[in-house]
Amino acid sequence: MPDFRTLFDAVPGLYRVLRPDDPKFTIVVANKAYAQATLTNPAEIAGRSLFEVFPDNPDDPHTSGVRNLHASLRQVPATKASHAMAAQR
């Protein structure tokens, strides 16, 4: 039987799995491509809130990335439909 981690790391694209524990959205696992693109270590971000790992820029009073992503993550289970959003800073 194939190892989940090996398969997860082999899929093309950047992936992370989140718990639906709103408002934290805890990171369960991230693949190697995601970790490389976000300059993180999968073992260090697992178990932490998505917004703790990737907070808004405290030096930018006009930032809205966390608010926008939070809204998107809440919309998906509420509507049971995918939601696309622009890249966030």
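Mentor: Before we start, "buried" means under 20% relative accessible area, exposed over 50% and partly exposed in between, using a 1.4 Å probe and protein chains only. This is a predicted model, where local features need pLDDT of at least 70, side-chain atom pairs count only at pLDDT 80 or more, and totals for chains, interfaces and linings use all residues. Residues are numbered from 1 along each chain as its sequence is written, and side-chain values use heavy atoms, with hydrogens and water left out.

Trainee: OK, is Ser-49 buried or exposed?

Mentor: Ser-49 counts as buried, because its relative accessibility is 13%.

Trainee: And what is Ser-49 in contact with?

Mentor: Leaving aside neighbours within four places in sequence, Ser-49 is in contact with Lys-24, Phe-25 and Thr-26. Contact means heavy atoms within 4.5 Å.

Trainee: Switching to rings, how many aromatic pairs are there?

Mentor: The structure holds 3 aromatic pairs. Rings of Phe, Tyr and Trp (its six-membered ring) pair if their centres lie within 6.5 Å; planes under 30 degrees apart are stacked, over 60 edge-to-face, and the rest tilted.

Trainee: Which kind is the pair of Phe-25 and Phe-51?

Mentor: Their ring centres are 6.3 Å apart and the planes sit at 85°, so that pair is edge-to-face.

Trainee: Are those two buried or exposed?

Mentor: Phe-25 is buried, at 6% relative accessible area, and Phe-51 counts as buried at 12%.

Trainee: What about Tyr-34 and Phe-54?

Mentor: Tyr-34 and Phe-54 form an edge-to-face pair too, 6.3 Å centre to centre with 90° between the planes. Tyr-34 is buried at 7%, while Phe-54 is partly exposed at 27%.
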